[in-house]
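Q: Please put the model up, and then we can go through it piece by piece.

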Amino acid sequence: MKQEDFITAEVLKEQMRTRILGQNIHYVEEIDSTNVEVKRQAANGADHGLLVIAEQQTMGKGRRGRSWNSPKGTGIWMSLLLKPGQLRPENASMLTLVTALSVADAIREVTGLEAWIKWPNDIVVNGKKVCGILTEMSSEANRIHYIVIGIGINVNTKEFPEEISEIATSLLIEKGTAASRSLLAAKVMEQLEANYELFLQSGDLAYLLKPYNEKLINCNKQVKVVGSNEEITGTAKGINEKGELLVQIEDRLLEVCSGEVSVRGLYGYV
Ligand code: BTN
């Protein structure tokens, strides 16, 4: 491994030019899941902005109960604790889109690769997934206790298990050269802090609509919206302020909410 690819709390702190997010870093060699660790620390009173980052996860969690492949020394496996005082629980899922935009921008900045967003929150390079985001929340009826934003980026992964190799890729595979994981993690947090502030100003995605839609790989493409009981085909038209995907079906514009469905391309993953 090249010297520049070592992640340590010291290197991260040095590179992380944020005000609050990630200023308290908890770095571990190995953990079950950084999302689970943030929840444990939140239960013990950890503050807004805590970042847990691991070299390896033994039980990395994906969306919809899937597992997340998190081998040692190759990726960024990190989770952030947010305590957004004024946000209503029903609006918390928008933070996943705020994060997706931040990761896409950071990947572009650090690697020069064209990173796209597959709604709502996968990051895609050359048609394959390089990053997944898992947002979890602890709340009561009208109040959020805390939100955990888990980010997994395949940075210097050389190969993937057969079952995911069709849709998964890494920045190394797509660019041909290794990227600095600590620099990329720092840039993600910088972008996220700036975008999070814009998000809080309006309480929705109004200020982030344009940059998000510009990077939306589904935009103006035929998509299949797959719900629990039905499957609808239409043309994706971008997101609205609430982060819903607008899908044109003949003369109707459907507002699709991310919790309820998954969206695919007609002929594959994107
Ligand atoms: C997805 O299924 O696309 C979401 C994957 C999220 C993976 C990240 S890795 C860091 C954090 N810890 C976890 O256990 N999961 C998230």
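A: One term to start with: contact means heavy atoms within 4.5 Å. This is a predicted model, where local features need pLDDT of at least 70 and side-chain atom pairs count only at pLDDT 80 or more, while totals for chains, interfaces and linings use all residues. Residues are numbered from 1 along each chain as its sequence is written, and side-chain values use heavy atoms, with hydrogens and water left out.

Q: What is histidine 48 in contact with, neighbours within four places in sequence aside?
A: Histidine 48 is in contact with Ile20, Leu21, Leu81, Leu82, Lys83 and Tyr196.

Q: And where is histidine 48 found?
A: In the loop between α2 and β2. Helices are DSSP runs of H or I with at least four residues, strands are runs of E with at least two, and both are numbered from the N terminus.

Q: Why does histidine 48 count as partly exposed?
A: Because its relative accessibility is 26%. Buried means under 20% relative accessible area, exposed over 50%, and partly exposed in between, with a 1.4 Å probe and protein chains only.

Q: How many residues surround the ligand?
A: 19, and the closest are Ser33, Gln57, Lys61, Arg63 and Lys129. A residue is near a molecule if one of its heavy atoms lies within 4 Å of it.

Q: Which elements each supply at least two residues of that shell?
A: α2 (34-43), β3 (75-82), β6 (128-140) and β7 (143-154). The largest share comes from β6, with 4 residues.

Q: What lies 3.0 Å from a nitrogen atom of the ligand?
A: A polar side-chain atom of threonine 34. In the side chain of glutamine 57, an N or O atom is 2.9 Å from a nitrogen atom of the ligand. Arginine 63 takes part through its backbone, where a polar atom is 2.7 Å from an oxygen atom of the ligand. The protein covers 98% of the 410 Å² of accessible area that the ligand has on its own. Accessible areas come from the Shrake-Rupley method with a 1.4 Å probe; for residues, only the protein chains shown count as cover.

Q: Now serine 258: buried or exposed?
A: Serine 258 counts as buried because its relative accessibility is 14%. The residue lies in the loop between β11 (252-256) and β12 (262-265). Leaving aside neighbours within four places in sequence, serine 258 is in contact with Arg63, Arg64, Trp119 and Pro120.

Q: What is the peptide bond from tryptophan 119 to proline 120?
A: That bond is cis, with omega near 0 degrees. Proline 120 is in the loop between β4 (116-118) and β5 (122-125).

Q: And what is phi of arginine 64?
A: Near 50 degrees, which is positive in a residue other than glycine. Arginine 64 lies in the loop between β2 (51-57) and β3, and counts as partly exposed because its relative accessibility is 47%.

Q: What about phi of asparagine 220?
A: Asparagine 220 has a positive phi of about 65 degrees, although it is not a glycine. Its place is in the loop between α6 (209-214) and β8 (222-226).

Q: Last one: what does the side chain of aspartate 204 reach at 2.9 Å?
A: The backbone nitrogen of alanine 206. The aspartate 204 side chain also makes a polar contact with the side chain of serine 202, at 2.9 Å. Aspartate 204 is in the loop between α5 (181-202) and α6.

Definitions and conventions
A polar contact is a pair of N or O atoms within 3.5 Å; within protein, one must be able to donate a hydrogen and the other to accept it, and residues adjacent in sequence count only if both atoms are side-chain atoms.
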